[in-house]
Amino acid sequence: MPGERLSVRGTSEVGRFPGTAPPTRVELTIHKDGEKKPEEGGCRRWFRKMCPCCCKRQNSTSYDVTDKVEFVKPLAPEPIKPKPENGETKEMDEIHFFVNSVDLLSSKTGQNRQEHHTDSYQGDELIIRRGQTFQMELELNRPFNADNGKLHLELKTGPLPLVSKGTHVIIPLVDSLEDERWEAKIVEQNGNRIKLSVNSPASAVIGLYGLSVATNSSKGEAATTHDSTKNIVMLFNPWCEEDAVFLDDEEDRKEYVLNDTGRIYYGTEKQIGARTWNFGQFHEGILEACLFILEKSDMPPSGRGDPVNVVRVLSAMINAQDDFGVLVGNWSGNYSDGVSPSAWSSSVEILRKYHSSNGTPVSYGQCWVFSGITTTVLRCLGIPARSVTNFQSAHDTDVSLTTDVYFDENMDPIDYLNSDSVWNFHVWNDCWMARLDLPPGYGGWQAVDSTPQETSQGTFRCGPASVNAIRSGQVYLKHDTPFVFAEVNSDKIFWQKNLDATFSQIHSEKKAVGHCISTKAVGSDERADITHLYKHQEGSEEERISVETASRFGSKPDVYSMAMAEDVCIEVKMEGEGPRMGADAHLSILVKNLSSQPRRTTLHSQVAVMYYTGVLKGTIRKEQMPMDLLPNEEKTIEWMLPYQQYQNELVDQAALMLTLSGRVSETQQVLANQTTFRLRTPDLNVTPLGEAVVGKEMAAKITFTNPLPRMLKDVVFRVEGLGLQKGHEVVVGDVGGHSTVTLTEHFVPTQPGYRKLVASLDCKQLTQVHGVANIVVLAQ
């Protein structure tokens, strides 16, 4: 559900901070706002939780596996030699060390498949999602001891695996797992058997991996490699917050990732029909077929970590137009040598037939069949997707961003020029992802179309195009945004030929295309109208601004009258370091009239909650601000967002986007501005107490004041300092509005030098609260 904390670390990991250090001594006090703080003196002993893996991971370090894959070789002390028994002097490290067998724990009913939401897939391969731990068991020829044996895992994908490309992954054995890294950790040991918890980064390459385990004894012998008889399939992970395809609503994930049937709409806007479609992404052989399509494409395996690349390639591969893809399009009415497009009701037969024939395109399909297959493939690979139908769908053939109709001097149609068309309906897809390649605010739903209509960079494909960009007319943002914009919001322009062979506009229809844009509703078979996601209300000022903004980037930028002057400017300013969490957010909107004439406009403003990836969660307020400007006048509007309007809407990072748009009445100048800001959270105050000396107990005081007027629930502090103390957590519980928490940490430094004690606070209502103290530790 929205705002729900999602855990992607497996439950078998036995702790983020294992070790044998004694429990840390902690003193904790909480003071309500206005209450006199009691003198410190109460002491309470806290123990570390045994399973912090279920809590939100705080490490935000990101590693790009295409550039940086490190093999961290664990340091081991000199091997301990056993005492001789019965005259034997053979040392343990002289015993050859190797793997007898590997169990990937890949059962559909087992922990891996259940936790990774892959238990619906057929087959007994290990199918997992990136950015999430999984488990495996190794049987060795003798009990594992790090003192006299080394072990690491290797994963390889593609025809030429390379460490530098992230397609050959070397996974070291570590004591504790960290975020965004390939690492493995022993979580159970029973005789010759060990159980590993393996972590992968959320940017890992997806696809089919082969696994091998390399072992050698500490005496320096050559490594022995054991190859697993089973492969590992890595998928995108909409449950992982760090994955670009993360979708934060569980009901949405059930619909757009896990639902294997759906509804596709057709007909006309006044007679909308619906047909049930079997996507069948979990059906036997479908995952293999989807991986086969990726293998058959020209995309190198190293590019399969980016969902933008993957979707763009699949858009081309699902039609057979120029790369022997899955399905042949046919609109002729003659389907005698294949199957009529209207006869299909499932993606399964088509994909299995394509795979079993080693890539022979299947005949025939039209738009709804292409869309059904696209939904299947994207959901199968872990990318949230849905089929979308647009009624009165324009096909713009000359990138004019208008639908053009040409007449001669006698008002007879000029057929050879009338290549643009309007389809009764057209079906494409939406897929969900962050767009880190675009400015903030353009993530979320992306339009992708596998029906071959026009080429994009020389290939029949379309998208992914940001639906938010389409709505606002920002058609210069990739990929293929102009084409989709024209489908849903182009004006139909009528042209007549003049005696001098030029053309003049004689009429326009502003509501001719893009009606009743439809998709299946979440959790039911009802039709959901999503027209408002693709365009502003028809005929509204915002919709007209969007159309005219888009047209200026087309092949006919003068279709709409250009502004006579652009002498009004708009700017958004914030005071100091910006708005603070828990208070009303204040910004200043500065509007200047640089002309010697009066100007009039109406500013439309909307503010939306935004994820750090640039995906907008939703608009929380809209308003209009009429404005009259005298010659050379400068006006400042004090804009304010009350705390009550955002208090229950924020997501991690507490980011918001303010969008302003308008048109100057006298000159038709379009005004537009987007400003991203965040609500600043307080810092934790970390203050060292006493002298820092190796082996001598010292303390540090950590204080925090709740900036919100409401209670924080289930507050947890995490404290760690390399060379100072092991990482651990302190469960504080509930903290009242504006109350202050004081935490005193007692610890014994173990290493001299410049050290940092790091503390962070974790709770659902408040994120990104942390602090640090620099401590210089003296040697004894």
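Start by selecting the open sheet, where 4 strands run in the order β38-β37-β40-β41 with antiparallel pairing. Strands here are DSSP runs (E, at least two residues; helices are H or I, at least four), numbered from the N terminus, and two strands pair if DSSP finds at least two bridges between them. Colour β38 (725-735) and β41 (766-777) next: each has a single partner strand and stands at an edge, so one of its sides has no neighbour in the sheet. From one strand to the next, the twist averages 15°, with axes being lines fitted to C-alpha atoms and angles running from 0 to 180 degrees between N-to-C directions.

This is a predicted model, in which local features need pLDDT of at least 70, side-chain atom pairs count only at pLDDT 80 or more, and totals for chains, interfaces and linings use all residues. Residues are numbered from 1 along each chain as its sequence is written, and side-chain values use heavy atoms, leaving out hydrogens and water.

Now zoom in on β37 (residues 712-721), which pairs with β38 in the antiparallel sense over 7 bridges. Gly721 sits opposite Gln725 in β38.

Stay in β37 and pick Asp714. Its phi is positive, near 55°, though the residue is not glycine. Asp714 is exposed, at 58% relative accessible area (buried is under 20%, exposed over 50%, partly exposed in between; 1.4 Å probe, protein chains only).

His117 also has a positive phi, about 55°; look for this residue in the loop between α1 (111-115) and β4 (126-129).

Finish with two cis peptide bonds. One joins Ser363 and Tyr364, with omega about 0°, and Tyr364 lies in β16 (residues 362-365). The other runs from Lys478 to His479, with His479 in the loop between α7 (467-472) and α8 (481-489).
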